[in-house]
Amino acid sequence: MSSPRFRALPHLLLALFLTFAGTYRASAQGDAATVSKAGVTPGATDGAAAPAAGGGDAAAISAGDALFKGNCAQCHAVKDKVVGPALAGINKRRPISWLIPWVKNSSKMVASGDEYAVKIFNEYSKQQMPSFQLSDDEIKSIFAWVAAEETKAAPVGDSQQNLAKGEGVGQDAAGAGGAAKYVDILLIVLVVVLIVLVVTLVIIGNLMRDVLRGRKDLDGRDVEILEQRFNWAGLYRSPVLRGIVGVLFTLILLYQGLQSVMAVGLTQGYQPTQPIAFSHKLHAGEHQINCSYCHTSVYKSKSANIPSANICMNCHSQIKTESPEIKKIYRAIERKQPIQWVRVHNLPDLAYFNHAQHTQVGGLECQTCHGPIQNMEVVYQYSALTMGWCINCHRETPLNTKDNHYYDNLVKLHDTANNGAPFTVSSNGGTECSKCHY
């Protein structure tokens, strides 16, 4: 008489497991979807505070770190030769009075016949170093940071180096991705165990039925329970079930239709094939090239420009010159034709958007809108870029009003009317129609 209970047990376990797995998987995916903002430091000279002359204090070294990544890391490293020489020991080889004019205008120093400048110029295949519009204090802070890096202990391995410096690109995203991978493995193992358990219970249930059928002391009720079968035909003919299935089917069709209509014009996830296989994961991720080095107007202009071929040549005139992809850049330069990059992110003409307002003034990270760009082999549109998406951001993002007296009265009025609620972008009119449509 216990066999019907055994037959119901696998279904109960399966329902409980699926509920647990669905909840756990959703939680894991939510964690994995968190976008890491580490790795690609936004801003160049604008974002770094001017250090004091002499540049030996922590603030100067920190500013030098940002300036080096924004201006120098593409061609120089402290202990390794890249495009230009390694900078270890540069403070001993040359005085700061020589380094400042060299950074500002190396061509002028070479033309003047400076012995060391000419030597470096000839040693590196007469590759001209760009001139940098940096102040004396900013240049001093860069070399103060170089001196500080020289004193650090040599790392045992690349992975330990990244951990020691805290420079692992996309570590949070990578950790989340690794966690999601282990969750997948765990779910697969649990599903296999569940299948084995269900099969075992079915076998046990059949054996128990066979044993009970051989007993002679069962009454009519026991025999009826033992021999009962699920009435699939009756279930199929049930008008209630047919009604429920019909309603669900209609709701699903309406939902899918509504989603299709709402998705007209949306390009989230768009990932076109580019004419040259450029990897942001390699350049912005592994090599930590600052975004503003290639997209030079990202902190200065209404739009973030697409880099021209000459920017690529700053490095690739000497690096991977035999690569088939790099040769495409050479051909574009020889033919005096721009590279036909395919645009990924495109807002409608009816919407006004200022890139510098968000990056330089608002201080937003590149990953806030573009996602984990430092992990992308091929760039795709990460965010929806819809009006609702922008408005939600304006409603949730606090406005930095510290030490800005323009906002003093506005903040006081806002705090009085809203009982101390955060002063967000929308509090400053960031959700008014005329802000973006005029």
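Predicted model: local features only at pLDDT ≥ 70, side-chain atom pairs only at ≥ 80, totals over all residues.
Visitor: What share of the residues is buried?

Guide: A residue counts as buried when its relative accessible area is under 20%. Of the 438 residues in the protein chain, 30% are buried.

Visitor: How many helices and how many strands does the chain have?

Guide: The protein chain has 21 helices and zero strands. As for its contacts with a separation of 6 or more, 69% of them are between residues 24 or more positions apart.

Visitor: How should I read the packing of two helices, and at what angle do α2 and α7 pack?

Guide: One looks at the angle between the two axes; 65 to 115 degrees counts as roughly perpendicular. Helix α2 (residues 58-71) and helix α7 (residues 136-150) pack at an angle of about 100°, and their axes are 7 Å apart. The two helices are therefore roughly perpendicular to each other.

Visitor: Which residues make this contact?

Guide: From α2 come Ala60, Ile61, Ala63, Gly64, Asp65, Leu67 and Phe68, while α7 contributes Glu138, Ser141, Ile142, Ala144, Trp145 and Ala148. Sorted by class, the contact of α2 with α7 has nine nonpolar, two polar and two charged residues.

Visitor: Which residues of helix α10 are buried, and where do they lie around its axis?

Guide: In α10 (residues 220-227), the buried residues are Asp222, Ile225 and Leu226. Viewed down the helix axis, the buried residues of α10 fall within an arc of 100°, so they line one face of the helix. The face turned away from this buried side carries the exposed residues Gly220, Arg221 and Glu224.

Visitor: Where is Val82, and which residues is it in contact with?

Guide: Val82 lies in the loop between α2 and α3 (90-93). With a relative accessibility of 35%, Val82 counts as partly exposed. Leaving aside neighbours within four places in sequence, Val82 is in contact with Gln74, Cys75, His76, Ala77 and Ile319. Val82 and Gln318 are 236 residues apart along the chain, yet their C-alpha atoms are separated by 9.3 Å.

Visitor: Where is Glu432 found, and how far apart in space are Glu432 and Ile391?

Guide: Glu432 is in the loop between α20 (408-418) and α21 (433-436). Its relative accessible area is 46%, and Glu432 is thus partly exposed. Glu432 and Ile391 are 41 residues apart in sequence and 9.4 Å apart in space, C-alpha to C-alpha.

Definitions and conventions: Residues numbered from 1 in each chain as written. Heavy atoms only, no water. Axes fitted to C-alpha atoms, helices over the stretch in contact; angles between N-to-C directions. Helix = DSSP H or I, 4+ residues; strand = E, 2+ residues; numbered from the N terminus. Parallel < 35°, antiparallel > 145°, perpendicular 65-115°, else oblique. Contact = heavy atoms within 4.5 Å. Nonpolar A, V, L, I, M, F, W, Y, C, P; charged D, E, K, R; others polar. Buried < 20%, exposed > 50% of the residue type's maximum accessible area, 1.4 Å probe, protein only. Arc of directions from axis to C-beta.
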